[in-house]
Amino acid sequence: MAKEFRGSYTVSVTPFTEDGSGVDFGALKNFLDWQLEVGVPGIIALGSTGEFLTVSDEERRQLVETYVNHIDGRMPVIIGTMNAHTPNAVRHSRQAEDLGADGVMIIPPYYYTPTEDEIFRYYEAIDAAISIPIMLYNNPVTSNVDMSAKLQAKLCLELESVQYTKESSMHLSRVPEVIEASGGRMKVYAGEWVVDSYLLGAIGYVNPFGNYLPRASGRIFELLEAGRIDDARAIWRPIDRIEHTIAEGHPTYGHQCYSKALAAAVGHPMGDVRAPLTTYAELGEEGRERMARLMPLVEEADSLAESFGL
């Protein structure tokens, strides 16, 4: 029986060597040990934060093997297997299942701005090839399409493997709309606004902040489950300010670059980003100035999480 996904799942960065030419598997194993130590309930690899577009097929295989084998069943592993070419998405998804992943996360075919029929056929082909759960990834900013609640419900009701969705449409109302349209079958993971999404029916959060704040960002969902809404919001406030501080820069600086810089700052270096993204070193004074504002917020969130015992 498939494991039920629930709670705050770190969507992890991919650690690269100093020159960016390879994957640093030692750093990855240390990072995964840290995630397990602080009680992260699940992890998502090779999402947008994981720079999935920059890894080779061989690196992908080795990464999936490392996540699955090192974690060894201690928490669910979801692999991002999206690709603009349907046969490649099918191939990546089948490989993830064969190597032992617990689920896959898949955005619609990016770049093409596909129609709803094209989107349906894309997921239909993947569903026919695998038996592990599919988490849809609705992110109009990167895919150029916004999957409606009706379309997501159709995918869920007609394709057996489609059981979850990551909702990053920036429409908070989409959470209950998807649940209602699917008759309660679709399980929604928040892509933002974790507290409000939970109150509207989300059961988890795809969490980029887990790369450097796994305890604090994960504690938010634990507090929500315990009914401590005000405490959860208190931790979310500095994390939300982290989000806005990062977003002030060029969009491609984003979570990939600063997540790696912040992970290094808290003792878990994961290298830098691959081209064409701007590296932290290339940001120069801008990066140092922004990090000087980010670190106190990281410390504030961790302090609050420590003070709110469960």
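1. A residue is called buried here if its relative accessible area is under 20%, and exposed if that area is over 50%. The model is a predicted one, and every remark below should be read with that in mind. By this cut-off, strand 1 (residues 7–11) is mostly covered, since 5 of its 5 residues are buried.

2. In soluble globular proteins, nonpolar side chains tend to be buried together. In this model the largest nonpolar core has 69 residues, and the residues with the most contacts inside it are Y67, M82, Y123, I134 and L155. Helix 1 (residues 25–37) gives the most to this core, namely 6 residues.

3. Y123 deserves a separate look within that core. If its neighbours within four places in sequence are left aside, Y123 is in contact with I106, I107, P108, I134, L136, Y137, M147, L155 and L159. Of these, I134 and L155 are also listed, like Y123, among the residues with the most contacts inside the core. Apart from this core lies another, of 35 residues, which has A232, Y258, V273 and A305 among its members.

4. How many aromatic pairs does the ring rule give? The count comes to 13. One of them is the pair of F52 and Y110, which is edge-to-face, with 5.9 Å from centre to centre and 65 degrees between the planes. This pair links distant parts of the chain, 58 residues apart: F52 is in the loop between strand 2 (42–45) and helix 2 (57–71), while Y110 is in the loop between strand 4 (103–106) and helix 4 (116–129). F52 counts as buried because its relative accessibility is 11%, and Y110 is likewise buried, with a relative accessible area of 16%.

5. A further pair is that of F209 and Y212, whose ring centres are 6.4 Å apart and whose planes stand at 85 degrees, so the pair is edge-to-face. Both of these residues, F209 and Y212, are buried. Elsewhere, ring pairs link F5, Y9, Y164 and Y189 into a cluster.

6. Charged side chains also lie over ring faces. K154 lies over the face of F120, at 4.8 Å from the ring centre, and R274 lies over the face of F16, at 4.0 Å from the ring centre.

7. Is N138 buried or exposed? N138, which lies in strand 5 (residues 134–138), counts as buried because its relative accessibility is 0%. The side chain of N138 makes a polar contact with the side chain of D146 at 3.0 Å, and the N138 side chain also reaches the backbone nitrogen of M147 at 2.8 Å.

Conventions: Residues numbered from 1 in each chain as written. Predicted model: local features only at pLDDT ≥ 70, side-chain atom pairs only at ≥ 80, totals over all residues. Heavy atoms only, no water. Helix = DSSP H or I, 4+ residues; strand = E, 2+ residues; numbered from the N terminus. Buried < 20%, exposed > 50% of the residue type's maximum accessible area, 1.4 Å probe, protein only. Polar contact = N/O pair within 3.5 Å; in protein donor to acceptor, adjacent residues only side chain to side chain. Phe/Tyr/Trp six-rings, centres within 6.5 Å; stacked < 30°, edge-to-face > 60°. Lys NZ or Arg CZ within 6 Å of the ring centre and 35° of its normal. Core = buried A, V, L, I, M, F, W, Y, C linked by side-chain atoms within 4.5 Å. Contact = heavy atoms within 4.5 Å.
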